[in-house]
Amino acid sequence: MERIKNIPIKLTLFAFILSLYTLIAFHKPLLDLVLECVERDLNGWIIVGSIALLTLVVNFMVYYLLLYLCRLVGKIVIALTLIANATALYFVNTYEVLLTRDMMGNLFNTNVSEASGFLSFTPIIYVVLLGILPCIYLFKRKVEYGSLKRLFANVGVSIVAIAIIGVANMGNILWIDHNAPRVGSLFMPWSYIANTVRHFHHQAMINREEIPLPDAEIIDEEPKVCVLVIGESARRANFSLYGYERDTNPLLRGDSVKIYNAVASATSTTMAVKAILDHKPTGNKLYEILPNYLERNGVEVIWRSTNWGEPPLHVANRSNLAALRERYPDADARYDGILLEGLKEEIESATADKLLVVLHTSTSHGPTYNKKYPEAFERYVPVCTTVEMSKADHKELINAYDNTILYTDYLLHSIIEILGSVERNSAMIYISDHGESLGEGNIYMHGMVSASMAPREQLDIPFIVWQNGDNREVKELEEVGHYHVFHSVMDYLDIRSDIYDEEKSIFN
Ligand SMILES: [Zn+2]
(Lines give C-alpha, C1' and ligand atoms only; values in the text may rest on other atoms or scores of the structure.)
Protein backbone atom coordinates (compact mmCIF):
# COMPACT_ATOMS: atom_id res chain seq x y z
CA MET A 1 0.00 0.00 0.00
CA GLU A 2 2.71 2.43 1.03
CA ARG A 3 4.67 1.56 -2.09
CA ILE A 4 1.72 2.28 -4.39
CA LYS A 5 1.36 5.71 -2.84
CA ASN A 6 4.99 6.44 -3.44
CA ILE A 7 4.90 5.75 -7.15
CA PRO A 8 4.81 9.28 -8.56
CA ILE A 9 1.78 10.18 -10.63
CA LYS A 10 2.27 11.88 -13.97
CA LEU A 11 1.41 15.57 -13.80
CA THR A 12 -0.99 15.26 -16.75
CA LEU A 13 -3.10 12.70 -14.88
CA PHE A 14 -2.75 14.55 -11.58
CA ALA A 15 -3.97 17.85 -13.03
CA PHE A 16 -6.78 16.00 -14.79
CA ILE A 17 -7.91 14.33 -11.54
CA LEU A 18 -7.88 17.67 -9.73
CA SER A 19 -9.80 19.35 -12.52
CA LEU A 20 -12.34 16.54 -12.72
CA TYR A 21 -12.77 16.76 -8.95
CA THR A 22 -13.28 20.53 -9.18
CA LEU A 23 -15.91 20.03 -11.88
CA ILE A 24 -17.84 17.34 -9.99
CA ALA A 25 -17.57 18.79 -6.49
CA PHE A 26 -18.19 22.48 -7.14
CA HIS A 27 -20.07 22.96 -10.39
CA LYS A 28 -23.49 21.46 -9.82
CA PRO A 29 -25.02 24.95 -9.33
CA LEU A 30 -23.39 26.09 -12.58
CA LEU A 31 -24.72 23.14 -14.56
CA ASP A 32 -28.17 23.46 -12.94
CA LEU A 33 -28.29 27.10 -13.95
CA VAL A 34 -27.24 26.32 -17.51
CA LEU A 35 -29.85 23.54 -17.73
CA GLU A 36 -32.47 26.08 -16.67
CA CYS A 37 -31.43 28.52 -19.36
CA VAL A 38 -31.36 26.18 -22.37
CA GLU A 39 -33.96 24.42 -24.46
CA ARG A 40 -33.89 20.64 -24.10
CA ASP A 41 -32.79 20.06 -27.67
CA LEU A 42 -29.54 19.11 -29.34
CA ASN A 43 -28.22 22.67 -29.22
CA GLY A 44 -29.14 22.92 -25.55
CA TRP A 45 -27.13 19.84 -24.77
CA ILE A 46 -24.23 21.18 -26.83
CA ILE A 47 -24.22 24.26 -24.59
CA VAL A 48 -24.37 22.19 -21.41
CA GLY A 49 -21.61 19.86 -22.64
CA SER A 50 -19.48 22.76 -23.80
CA ILE A 51 -19.63 24.52 -20.48
CA ALA A 52 -18.77 21.36 -18.55
CA LEU A 53 -15.91 20.63 -20.92
CA LEU A 54 -14.68 24.20 -20.83
CA THR A 55 -14.62 24.13 -17.03
CA LEU A 56 -12.67 20.88 -17.14
CA VAL A 57 -10.14 22.06 -19.72
CA VAL A 58 -9.53 25.53 -18.29
CA ASN A 59 -9.00 24.24 -14.78
CA PHE A 60 -6.80 21.42 -16.09
CA MET A 61 -4.62 23.87 -17.95
CA VAL A 62 -4.29 26.28 -15.04
CA TYR A 63 -3.61 23.51 -12.52
CA TYR A 64 -1.02 22.02 -14.85
CA LEU A 65 0.74 25.35 -15.32
CA LEU A 66 0.60 26.22 -11.62
CA LEU A 67 2.00 22.86 -10.55
CA TYR A 68 4.67 22.70 -13.23
CA LEU A 69 5.89 26.24 -12.75
CA CYS A 70 5.45 26.68 -8.98
CA ARG A 71 5.55 23.11 -7.56
CA LEU A 72 4.81 23.37 -3.82
CA VAL A 73 3.60 26.98 -4.10
CA GLY A 74 1.30 25.79 -6.88
CA LYS A 75 -0.07 23.11 -4.57
CA ILE A 76 -0.67 25.69 -1.85
CA VAL A 77 -2.51 27.99 -4.26
CA ILE A 78 -4.70 25.13 -5.48
CA ALA A 79 -5.37 24.07 -1.88
CA LEU A 80 -6.53 27.58 -1.03
CA THR A 81 -8.87 27.65 -4.01
CA LEU A 82 -10.33 24.25 -3.03
CA ILE A 83 -11.12 25.55 0.44
CA ALA A 84 -12.48 28.80 -0.97
CA ASN A 85 -14.54 26.82 -3.53
CA ALA A 86 -16.09 24.82 -0.69
CA THR A 87 -16.99 28.01 1.16
CA ALA A 88 -18.36 29.60 -1.99
CA LEU A 89 -20.41 26.48 -2.76
CA TYR A 90 -21.91 26.67 0.72
CA PHE A 91 -23.03 30.26 0.09
CA VAL A 92 -24.36 29.46 -3.36
CA ASN A 93 -26.32 26.45 -2.13
CA THR A 94 -27.61 28.06 1.04
CA TYR A 95 -28.43 31.56 -0.16
CA GLU A 96 -28.99 30.88 -3.86
CA VAL A 97 -26.60 33.65 -4.70
CA LEU A 98 -24.50 34.25 -7.75
CA LEU A 99 -20.89 35.20 -7.10
CA THR A 100 -21.12 38.52 -8.95
CA ARG A 101 -19.20 41.67 -8.14
CA ASP A 102 -22.15 43.05 -6.22
CA MET A 103 -22.42 39.81 -4.26
CA MET A 104 -18.74 39.83 -3.35
CA GLY A 105 -19.29 43.40 -2.18
CA ASN A 106 -22.24 42.16 -0.18
CA LEU A 107 -20.07 39.54 1.53
CA PHE A 108 -17.28 41.98 2.31
CA ASN A 109 -19.76 44.58 3.53
CA THR A 110 -21.68 42.19 5.73
CA ASN A 111 -21.25 43.41 9.25
CA VAL A 112 -20.35 41.12 12.09
CA SER A 113 -23.88 40.64 13.42
CA GLU A 114 -25.01 39.34 10.05
CA ALA A 115 -21.87 37.30 9.54
CA SER A 116 -22.32 35.49 12.83
CA GLY A 117 -25.49 34.05 11.29
CA PHE A 118 -23.23 32.28 8.81
CA LEU A 119 -21.17 30.61 11.48
CA SER A 120 -23.17 27.44 11.70
CA PHE A 121 -21.99 23.85 11.53
CA THR A 122 -22.85 23.28 7.86
CA PRO A 123 -20.12 25.45 6.31
CA ILE A 124 -17.55 23.60 8.41
CA ILE A 125 -18.74 20.32 6.90
CA TYR A 126 -18.46 21.81 3.41
CA VAL A 127 -14.94 23.04 4.06
CA VAL A 128 -13.71 19.83 5.67
CA LEU A 129 -15.25 17.36 3.22
CA LEU A 130 -14.88 19.25 -0.03
CA GLY A 131 -11.91 21.48 0.74
CA ILE A 132 -9.53 19.99 3.27
CA LEU A 133 -9.85 16.26 2.55
CA PRO A 134 -8.83 16.59 -1.13
CA CYS A 135 -5.95 18.78 0.03
CA ILE A 136 -4.51 15.80 1.88
CA TYR A 137 -4.40 13.94 -1.42
CA LEU A 138 -3.03 17.02 -3.16
CA PHE A 139 -0.06 17.29 -0.79
CA LYS A 140 0.60 13.59 -0.15
CA ARG A 141 0.70 12.45 -3.76
CA LYS A 142 4.13 12.49 -5.30
CA VAL A 143 4.13 14.01 -8.73
CA GLU A 144 6.35 13.36 -11.72
CA TYR A 145 6.41 16.78 -13.32
CA GLY A 146 7.66 15.71 -16.75
CA SER A 147 9.41 17.72 -19.39
CA LEU A 148 8.94 21.21 -20.71
CA LYS A 149 7.97 19.61 -24.02
CA ARG A 150 5.06 17.85 -22.34
CA LEU A 151 4.01 21.16 -20.76
CA PHE A 152 3.78 22.75 -24.20
CA ALA A 153 1.96 19.72 -25.58
CA ASN A 154 -0.63 19.77 -22.78
CA VAL A 155 -1.19 23.52 -22.89
CA GLY A 156 -1.36 23.34 -26.70
CA VAL A 157 -3.98 20.59 -26.62
CA SER A 158 -5.97 22.55 -24.02
CA ILE A 159 -5.96 25.70 -26.13
CA VAL A 160 -7.03 23.75 -29.22
CA ALA A 161 -9.85 22.17 -27.19
CA ILE A 162 -11.00 25.61 -25.99
CA ALA A 163 -10.92 26.86 -29.58
CA ILE A 164 -13.00 23.90 -30.78
CA ILE A 165 -15.55 24.53 -28.03
CA GLY A 166 -15.66 28.15 -29.13
CA VAL A 167 -16.21 27.29 -32.79
CA ALA A 168 -18.89 24.73 -31.91
CA ASN A 169 -20.78 27.48 -30.11
CA MET A 170 -20.50 30.19 -32.75
CA GLY A 171 -24.26 29.97 -33.26
CA ASN A 172 -24.86 30.52 -29.56
CA ILE A 173 -23.32 33.98 -29.35
CA LEU A 174 -26.62 35.57 -28.36
CA TRP A 175 -27.24 32.97 -25.67
CA ILE A 176 -23.71 33.48 -24.32
CA ASP A 177 -24.04 37.26 -24.41
CA HIS A 178 -27.28 37.06 -22.51
CA ASN A 179 -26.28 34.47 -19.92
CA ALA A 180 -22.55 35.00 -19.48
CA PRO A 181 -22.75 37.19 -16.36
CA ARG A 182 -24.87 34.65 -14.48
CA VAL A 183 -23.19 31.50 -15.77
CA GLY A 184 -19.73 33.01 -15.36
CA SER A 185 -20.50 33.91 -11.77
CA LEU A 186 -20.65 30.20 -10.82
CA PHE A 187 -17.44 29.20 -12.58
CA MET A 188 -15.06 28.30 -9.77
CA PRO A 189 -12.66 29.43 -8.60
CA TRP A 190 -12.40 32.15 -11.27
CA SER A 191 -15.75 33.81 -10.66
CA TYR A 192 -15.17 34.85 -7.08
CA ILE A 193 -11.50 35.65 -7.63
CA ALA A 194 -12.26 37.93 -10.59
CA ASN A 195 -15.29 39.49 -8.93
CA THR A 196 -13.44 40.11 -5.67
CA VAL A 197 -10.75 41.93 -7.63
CA ARG A 198 -13.47 43.83 -9.52
CA HIS A 199 -15.22 44.72 -6.25
CA PHE A 200 -12.10 46.18 -4.66
CA HIS A 201 -11.18 47.96 -7.85
CA HIS A 202 -14.66 49.44 -7.93
CA GLN A 203 -14.42 50.44 -4.25
CA ALA A 204 -11.08 52.09 -4.90
CA MET A 205 -12.63 53.96 -7.80
CA ILE A 206 -15.52 55.31 -5.77
CA ASN A 207 -13.47 55.99 -2.65
CA ARG A 208 -11.23 58.46 -4.42
CA GLU A 209 -11.29 62.01 -3.31
CA GLU A 210 -14.55 63.45 -4.58
CA ILE A 211 -14.54 66.39 -6.94
CA PRO A 212 -16.18 69.35 -5.18
CA LEU A 213 -19.04 71.18 -6.86
CA PRO A 214 -19.12 75.00 -6.95
CA ASP A 215 -20.30 76.63 -3.70
CA ALA A 216 -24.05 77.03 -3.47
CA GLU A 217 -26.24 79.77 -2.08
CA ILE A 218 -29.49 79.43 -0.16
CA ILE A 219 -31.73 82.13 -1.63
CA ASP A 220 -34.39 82.47 1.08
CA GLU A 221 -35.12 81.60 4.71
CA GLU A 222 -38.40 79.79 4.39
CA PRO A 223 -38.21 76.67 6.60
CA LYS A 224 -38.61 73.62 4.38
CA VAL A 225 -38.02 69.92 4.53
CA CYS A 226 -37.56 67.65 1.54
CA VAL A 227 -37.71 63.91 2.08
CA LEU A 228 -36.05 61.88 -0.64
CA VAL A 229 -37.06 58.23 -0.50
CA ILE A 230 -34.87 55.89 -2.52
CA GLY A 231 -36.78 52.71 -3.32
CA GLU A 232 -35.25 49.29 -3.86
CA SER A 233 -36.19 47.12 -6.85
CA ALA A 234 -39.60 48.75 -7.13
CA ARG A 235 -40.89 48.50 -10.66
CA ARG A 236 -43.46 50.89 -12.00
CA ALA A 237 -45.72 48.27 -13.58
CA ASN A 238 -46.80 46.93 -10.19
CA PHE A 239 -47.98 50.27 -8.78
CA SER A 240 -51.72 50.82 -9.16
CA LEU A 241 -50.94 54.55 -9.38
CA TYR A 242 -49.46 53.69 -12.76
CA GLY A 243 -52.37 51.54 -13.87
CA TYR A 244 -51.63 48.13 -12.38
CA GLU A 245 -54.89 46.21 -12.10
CA ARG A 246 -54.28 45.25 -8.47
CA ASP A 247 -54.87 47.98 -5.94
CA THR A 248 -51.32 48.07 -4.58
CA ASN A 249 -51.51 51.79 -3.67
CA PRO A 250 -54.72 52.12 -1.66
CA LEU A 251 -53.28 54.80 0.64
CA LEU A 252 -51.31 56.91 -1.83
CA ARG A 253 -54.38 56.98 -4.06
CA GLY A 254 -55.96 59.35 -1.56
CA ASP A 255 -52.85 61.48 -1.03
CA SER A 256 -52.98 63.67 -4.17
CA VAL A 257 -49.52 62.76 -5.34
CA LYS A 258 -47.99 63.68 -8.68
CA ILE A 259 -46.52 60.79 -10.64
CA TYR A 260 -43.93 60.77 -13.40
CA ASN A 261 -42.74 58.01 -15.66
CA ALA A 262 -39.10 57.51 -14.83
CA VAL A 263 -36.40 55.42 -16.43
CA ALA A 264 -33.48 54.10 -14.41
CA SER A 265 -30.00 54.83 -15.70
CA ALA A 266 -28.51 51.73 -14.09
CA THR A 267 -29.79 48.36 -12.90
CA SER A 268 -27.50 47.69 -9.96
CA THR A 269 -28.10 49.34 -6.60
CA THR A 270 -24.61 50.83 -6.36
CA MET A 271 -24.69 52.48 -9.77
CA ALA A 272 -28.31 53.56 -9.51
CA VAL A 273 -27.99 55.16 -6.07
CA LYS A 274 -24.93 57.04 -7.28
CA ALA A 275 -26.96 58.28 -10.27
CA ILE A 276 -29.83 59.41 -8.04
CA LEU A 277 -27.43 61.45 -5.90
CA ASP A 278 -25.30 62.78 -8.78
CA HIS A 279 -25.91 66.06 -10.61
CA LYS A 280 -25.24 64.53 -14.04
CA PRO A 281 -23.94 61.29 -15.54
CA THR A 282 -20.41 61.15 -14.21
CA GLY A 283 -19.34 57.65 -15.20
CA ASN A 284 -16.57 56.46 -12.94
CA LYS A 285 -15.80 59.97 -11.70
CA LEU A 286 -16.80 60.83 -8.19
CA TYR A 287 -18.34 64.27 -7.76
CA GLU A 288 -19.80 65.60 -4.54
CA ILE A 289 -23.13 63.81 -4.10
CA LEU A 290 -26.33 65.58 -3.11
CA PRO A 291 -26.30 65.03 0.69
CA ASN A 292 -22.59 65.89 0.99
CA TYR A 293 -23.02 68.96 -1.21
CA LEU A 294 -26.07 70.30 0.60
CA GLU A 295 -24.63 69.74 4.06
CA ARG A 296 -21.45 71.58 3.10
CA ASN A 297 -23.59 74.48 1.92
CA GLY A 298 -25.67 74.95 5.05
CA VAL A 299 -28.55 72.50 4.64
CA GLU A 300 -29.23 70.16 7.55
CA VAL A 301 -29.12 66.56 6.32
CA ILE A 302 -30.48 63.39 7.87
CA TRP A 303 -29.51 60.12 6.19
CA ARG A 304 -31.16 56.85 7.19
CA SER A 305 -30.61 53.55 5.43
CA THR A 306 -31.57 49.92 5.72
CA ASN A 307 -29.75 49.26 2.49
CA TRP A 308 -26.18 49.69 1.29
CA GLY A 309 -24.18 50.63 -1.78
CA GLU A 310 -24.25 54.42 -1.60
CA PRO A 311 -21.16 56.44 -2.57
CA PRO A 312 -19.01 57.73 0.33
CA LEU A 313 -21.15 59.88 2.61
CA HIS A 314 -19.82 62.75 4.68
CA VAL A 315 -23.05 63.52 6.47
CA ALA A 316 -22.80 63.87 10.25
CA ASN A 317 -26.32 62.65 11.03
CA ARG A 318 -26.46 59.29 9.32
CA SER A 319 -27.80 55.97 10.56
CA ASN A 320 -27.50 52.59 8.93
CA LEU A 321 -29.61 49.63 10.03
CA ALA A 322 -27.32 48.75 12.93
CA ALA A 323 -27.44 52.33 14.22
CA LEU A 324 -31.23 52.49 13.84
CA ARG A 325 -31.57 49.21 15.71
CA GLU A 326 -29.51 50.65 18.52
CA ARG A 327 -31.41 53.93 18.58
CA TYR A 328 -34.83 52.29 18.44
CA PRO A 329 -34.51 48.91 20.18
CA ASP A 330 -38.30 48.48 20.29
CA ALA A 331 -38.77 48.85 16.56
CA ASP A 332 -38.96 45.83 14.27
CA ALA A 333 -35.63 45.94 12.48
CA ARG A 334 -36.73 43.41 9.89
CA TYR A 335 -38.76 45.97 7.96
CA ASP A 336 -38.31 49.45 6.57
CA GLY A 337 -40.77 50.90 9.07
CA ILE A 338 -37.75 51.35 11.32
CA LEU A 339 -36.64 54.18 9.00
CA LEU A 340 -39.60 56.24 10.24
CA GLU A 341 -39.01 55.73 13.97
CA GLY A 342 -38.60 59.08 15.70
CA LEU A 343 -38.38 60.81 12.34
CA LYS A 344 -41.06 63.38 13.17
CA GLU A 345 -39.17 64.44 16.32
CA GLU A 346 -35.92 64.59 14.40
CA ILE A 347 -37.47 66.82 11.72
CA GLU A 348 -39.06 69.02 14.37
CA SER A 349 -35.80 69.47 16.25
CA ALA A 350 -33.91 70.57 13.11
CA THR A 351 -32.62 74.13 13.43
CA ALA A 352 -31.52 75.01 9.89
CA ASP A 353 -34.01 76.60 7.52
CA LYS A 354 -33.53 73.89 4.96
CA LEU A 355 -33.65 70.22 5.80
CA LEU A 356 -33.01 67.23 3.56
CA VAL A 357 -33.96 63.76 4.74
CA VAL A 358 -32.80 60.79 2.68
CA LEU A 359 -34.35 57.40 3.38
CA HIS A 360 -32.64 54.57 1.54
CA THR A 361 -35.07 51.66 1.75
CA SER A 362 -34.69 47.97 0.95
CA THR A 363 -38.30 46.81 0.79
CA SER A 364 -38.66 45.08 -2.58
CA HIS A 365 -35.26 43.42 -2.61
CA GLY A 366 -35.42 39.77 -3.67
CA PRO A 367 -35.21 36.91 -3.68
CA THR A 368 -37.28 36.53 -0.51
CA TYR A 369 -39.92 39.19 -1.14
CA ASN A 370 -42.15 37.56 1.47
CA LYS A 371 -39.67 38.53 4.19
CA LYS A 372 -39.69 42.23 3.36
CA TYR A 373 -43.07 43.24 4.78
CA PRO A 374 -44.94 42.66 8.07
CA GLU A 375 -47.67 40.02 8.13
CA ALA A 376 -50.44 42.60 8.00
CA PHE A 377 -49.39 43.43 4.43
CA GLU A 378 -49.72 39.90 3.13
CA ARG A 379 -52.85 40.69 1.16
CA TYR A 380 -52.02 38.70 -1.97
CA VAL A 381 -51.75 35.00 -1.16
CA PRO A 382 -50.40 32.40 -1.44
CA VAL A 383 -46.89 33.81 -1.56
CA CYS A 384 -43.71 32.25 -2.79
CA THR A 385 -41.31 31.44 0.02
CA THR A 386 -38.52 29.84 -1.93
CA VAL A 387 -35.34 31.63 -2.81
CA GLU A 388 -35.12 29.62 -6.00
CA MET A 389 -37.16 32.02 -8.05
CA SER A 390 -37.06 30.09 -11.26
CA LYS A 391 -38.68 27.14 -9.53
CA ALA A 392 -41.28 29.29 -7.83
CA ASP A 393 -44.89 29.41 -8.92
CA HIS A 394 -45.10 32.59 -10.99
CA LYS A 395 -48.36 33.77 -9.43
CA GLU A 396 -46.99 33.24 -5.93
CA LEU A 397 -43.87 35.18 -6.82
CA ILE A 398 -45.98 38.10 -8.10
CA ASN A 399 -48.15 37.89 -4.96
CA ALA A 400 -45.13 38.23 -2.68
CA TYR A 401 -43.71 41.06 -4.78
CA ASP A 402 -47.03 42.92 -4.86
CA ASN A 403 -47.20 42.73 -1.08
CA THR A 404 -43.87 44.59 -0.95
CA ILE A 405 -45.40 47.34 -3.11
CA LEU A 406 -48.40 47.43 -0.81
CA TYR A 407 -46.01 47.91 2.11
CA THR A 408 -44.16 50.63 0.18
CA ASP A 409 -47.52 52.34 -0.28
CA TYR A 410 -47.97 52.29 3.48
CA LEU A 411 -44.44 53.59 4.13
CA LEU A 412 -44.82 56.50 1.72
CA HIS A 413 -48.25 57.33 3.12
CA SER A 414 -46.78 57.29 6.63
CA ILE A 415 -44.06 59.72 5.56
CA ILE A 416 -46.76 61.98 4.10
CA GLU A 417 -48.62 61.83 7.42
CA ILE A 418 -45.45 62.75 9.30
CA LEU A 419 -44.76 65.67 6.97
CA GLY A 420 -48.37 66.81 7.23
CA SER A 421 -47.93 67.18 10.96
CA VAL A 422 -44.73 69.24 11.04
CA GLU A 423 -44.52 73.03 10.89
CA ARG A 424 -42.29 73.32 7.83
CA ASN A 425 -43.36 73.33 4.21
CA SER A 426 -42.58 69.90 2.98
CA ALA A 427 -42.12 67.72 -0.05
CA MET A 428 -41.53 64.03 -0.56
CA ILE A 429 -39.86 62.62 -3.64
CA TYR A 430 -39.89 58.88 -4.11
CA ILE A 431 -37.83 57.19 -6.79
CA SER A 432 -36.71 53.60 -7.14
CA ASP A 433 -33.11 52.70 -7.82
CA HIS A 434 -34.10 50.29 -10.60
CA GLY A 435 -36.93 47.95 -11.50
CA GLU A 436 -37.11 44.19 -11.22
CA SER A 437 -37.53 41.19 -13.49
CA LEU A 438 -40.04 38.68 -12.19
CA GLY A 439 -39.56 35.89 -14.67
CA GLU A 440 -40.26 37.77 -17.91
CA GLY A 441 -38.08 36.04 -20.49
CA ASN A 442 -36.84 33.77 -17.73
CA ILE A 443 -34.99 36.65 -16.08
CA TYR A 444 -35.19 37.37 -12.39
CA MET A 445 -34.16 40.23 -10.12
CA HIS A 446 -31.87 42.91 -11.58
CA GLY A 447 -28.37 44.10 -12.25
CA MET A 448 -27.16 41.18 -14.33
CA VAL A 449 -26.49 43.31 -17.39
CA SER A 450 -25.81 46.94 -18.15
CA ALA A 451 -28.72 49.36 -18.47
CA SER A 452 -28.42 49.50 -22.24
CA MET A 453 -29.17 45.77 -22.46
CA ALA A 454 -31.55 45.48 -19.53
CA PRO A 455 -35.20 44.53 -20.02
CA ARG A 456 -37.90 47.23 -19.53
CA GLU A 457 -39.00 45.68 -16.25
CA GLN A 458 -35.65 46.59 -14.72
CA LEU A 459 -35.68 50.14 -16.10
CA ASP A 460 -39.23 51.46 -15.71
CA ILE A 461 -39.43 52.93 -12.25
CA PRO A 462 -41.86 55.10 -10.30
CA PHE A 463 -41.19 58.75 -9.47
CA ILE A 464 -43.76 60.06 -7.02
CA VAL A 465 -43.98 63.58 -5.63
CA TRP A 466 -46.06 64.97 -2.80
CA GLN A 467 -46.07 68.47 -1.29
CA ASN A 468 -47.55 70.23 1.71
CA GLY A 469 -47.78 73.92 2.63
CA ASP A 470 -46.90 76.48 -0.03
CA ASN A 471 -46.97 74.04 -2.90
CA ARG A 472 -44.70 74.63 -5.84
CA GLU A 473 -46.17 74.23 -9.29
CA VAL A 474 -44.84 71.09 -10.97
CA LYS A 475 -44.01 70.61 -14.63
CA GLU A 476 -45.70 68.17 -16.97
CA LEU A 477 -42.86 65.97 -18.18
CA GLU A 478 -43.18 62.97 -20.41
CA GLU A 479 -40.25 61.18 -18.86
CA VAL A 480 -37.83 61.84 -16.03
CA GLY A 481 -34.77 60.04 -14.75
CA HIS A 482 -32.38 59.65 -11.85
CA TYR A 483 -30.69 62.96 -12.59
CA HIS A 484 -33.91 64.91 -12.05
CA VAL A 485 -33.61 64.23 -8.33
CA PHE A 486 -30.54 66.38 -7.64
CA HIS A 487 -31.90 69.50 -9.34
CA SER A 488 -35.47 69.08 -8.10
CA VAL A 489 -34.26 68.85 -4.49
CA MET A 490 -31.98 71.87 -4.98
CA ASP A 491 -34.85 73.79 -6.53
CA TYR A 492 -37.36 72.85 -3.86
CA LEU A 493 -35.00 73.85 -1.05
CA ASP A 494 -34.19 77.18 -2.83
CA ILE A 495 -30.52 76.43 -3.36
CA ARG A 496 -28.67 77.82 -6.35
CA SER A 497 -25.22 77.33 -7.81
CA ASP A 498 -23.53 77.18 -11.19
CA ILE A 499 -24.31 73.52 -11.61
CA TYR A 500 -28.02 73.93 -10.96
CA ASP A 501 -29.93 72.88 -14.09
CA GLU A 502 -33.43 74.28 -14.24
CA GLU A 503 -34.34 71.88 -17.06
CA LYS A 504 -33.79 68.96 -14.74
CA SER A 505 -36.09 70.27 -12.02
CA ILE A 506 -39.63 68.99 -11.91
CA PHE A 507 -40.75 72.31 -10.35
CA ASN A 508 -41.82 75.34 -12.35
ZN1 LIG B 1 -31.27 47.99 -5.87
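**Buried cysteines, helix packing and backbone geometry**

In this predicted model, C226 is buried, its relative accessible area being 0%. C384 takes part in no disulfide, and the nearest cysteine sulfur, which belongs to C37, lies 18 Å away. C384 is likewise buried, because its relative accessible area of 3% falls under the 20% limit for burial. A disulfide is a covalent bond between the sulfur atoms of two cysteines. A search of the whole structure returned zero disulfides.

Helix 2 covers residues 11–26. With 16 residues at 1.5 Å a residue, helix 2 should span 22 Å, and the 22 Å between its end C-alpha atoms agrees with this expectation. An α-helix has 3.6 residues a turn, so residues three or four places apart point the same way. The buried residues of helix 2 are L11, F14, A15, L18, S19, T22, L23, A25 and F26. Among the elements that cover these residues are strand 1 (9–10), helix 3 (28–37), helix 4 (42–70), helix 5 (72–95), helix 8 (121–140) and strand 2 (143–144).

Two packed helices are described by the angle between their axes and the distance between the axes. For helix 4 and helix 5, the axes come within 6 Å and cross at roughly 145°. On the helix 4 side, Y63, L66, L67 and C70 meet L72, V73, G74, K75, V77, I78 and L82 of helix 5. The residues of this contact comprise nine nonpolar, one polar and one charged. The loop between helix 4 and helix 5 holds R71, which is partly exposed at 34% relative accessibility.

Most residues other than glycine have a negative phi, and most peptide bonds are trans. R71, although not a glycine, has a positive phi of about 50°. A positive phi of about 60° occurs at M445, also not a glycine; M445 belongs to strand 11 (residues 444–445) and is buried, with a relative accessible area of 17%. A cis peptide bond joins M188 and P189, with omega about -5°, and P189 lies in the loop between helix 10 (173–184) and helix 11 (190–206). The bond from V381 to P382 is cis, with omega near -5°; P382 is placed in the loop between strand 8 (354–360) and helix 16 (394–420).

Q458, in helix 17 (residues 456–459), counts as buried at 1% relative accessibility. Beyond its neighbours within four places in sequence, Q458 is in contact with residues including A264, T267, H434, M445 and H446. The side chain of Q458 also makes a polar contact with that of S437, at 3.0 Å.

Note on methods
Residues are numbered from 1 along each chain as its sequence is written. This is a predicted model: local features need pLDDT of at least 70, side-chain atom pairs count only at pLDDT 80 or more; totals for chains, interfaces and linings use all residues. Side-chain values use heavy atoms; hydrogens and water are left out. Helices (H or I, at least four residues) and strands (E, at least two) are DSSP runs, numbered from the N terminus. The expected span of a helix is 1.5 Å times one less than its number of residues. Buried means under 20% relative accessible area, exposed over 50%, partly exposed in between (1.4 Å probe, protein chains only). Contact means heavy atoms within 4.5 Å. A disulfide is a pair of cysteine sulfur atoms within 2.5 Å. Axes are lines fitted to C-alpha atoms, for helices over the stretch in contact, and angles run from 0 to 180 degrees between N-to-C directions. Ala, Val, Leu, Ile, Met, Phe, Trp, Tyr, Cys and Pro count as nonpolar, Asp, Glu, Lys and Arg as charged, and the others, Gly among them, as polar. A polar contact is a pair of N or O atoms within 3.5 Å; within protein, one must be able to donate a hydrogen and the other to accept it, and residues adjacent in sequence count only if both atoms are side-chain atoms.
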